[in-house]
Amino acid sequence: MWAWQLVLAVGFGIGSAVIPVLNAEAYVLGVGVSGALDPVVAAIGVSIGQTIGKVAMFLAVRYRPGYAGRKTKEPKPVNLDTRWGRFVQWNRGVSKRLLDAMSDSRWGAPVTLLSAFIGIPPLYGVALIGGASRMKTVVFTLSVLAGRVARFVLLALGVSGF
């Protein structure tokens, strides 16, 4: 009986990882409140599905066509006298710092784990930035899985207690 519940939850988890409108937390809460499915099995299934979806996004960015052979080019100069130019320059600096942080072995895994468990920074963006960084796929996968399992199982146990 639990096998089809797991398959259903994994499928929803994959969908919710890629399509932000599908809310995995609402799915786990709904399963726990309704009592139709085992909430812990659903939470584990959604966690596995979310991990599969986020790793797919990670790999899609990493192995997109032309990415490996692309040479870095100088960014277009911006006019720092305008508000837009200052914003563009600020955005470039933030993006570079994020890529450097995700590439660093000291910060990549903790940021991904924090994002997967708490949701700040959003895991959708972390998956995309992680794919563009030098972060190892195994580290990303394990961080997302651990954070998501902890998040959804705690949520399922909290709801199933009522």
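Visitor: What share of the accessible surface of the chain belongs to carbon and sulfur atoms?
Guide: The model is predicted: local features need pLDDT of at least 70, side-chain atom pairs count only at pLDDT 80 or more, and totals for chains, interfaces and linings use all residues. Residues are numbered from 1 along each chain as its sequence is written, and side-chain values use heavy atoms, with hydrogens and water left out. Accessible areas come from the Shrake-Rupley method with a 1.4 Å probe, and for residues only the protein chains shown count as cover. The surface of the chain comes to about 9,900 Å², and the carbon and sulfur share of this surface is 71%.

Visitor: How many helices does the chain have?
Guide: Helices (H or I, at least four residues) and strands (E, at least two) are DSSP runs numbered from the N terminus. There are zero strands, and the order of elements from the N terminus is α-α-α-α-α-α-α. The count of helices is seven.

Visitor: What percentage of the residues in the chain is buried?
Guide: A residue is buried under 20% relative accessible area, exposed over 50% and partly exposed in between (1.4 Å probe, protein chains only). The chain has 162 residues, and their C-alpha atoms fill a box of roughly 60 × 35 × 30 Å along the principal axes. The buried part is 33%.

Visitor: Within what arc do the buried residues of α6 fall?
Guide: Helix α6 spans residues 123-132, and its buried residues are Leu-123, Val-126, Ala-127, Gly-130 and Gly-131. The arc is that of the directions from the helix axis to the C-beta atoms. These residues line one face of the helix, because seen down the axis of α6 they fall within an arc of 130°.

Visitor: And within what arc do those of α5 fall?
Guide: In α5, the buried residues are Gly-108, Thr-112, Ser-115 and Ala-116. They too line one face, because down the axis of α5 they fall within an arc of 95°.

Visitor: Is Arg-148 buried or exposed?
Guide: Arg-148 belongs to helix α7. Contact means heavy atoms within 4.5 Å, and, residues up to four places away in sequence aside, Arg-148 touches Glu-25, Ser-47, Gln-50, Ala-116 and Leu-123. Its relative accessibility is 7%, so Arg-148 counts as buried.

Visitor: What is the relative accessible area of Leu-80?
Guide: Leu-80 sits in the loop between α3 and α4. Beyond its neighbours within four places in sequence, Leu-80 contacts Gly-85, Arg-86 and Gln-89. Leu-80 is partly exposed, because its relative accessible area is 48%.
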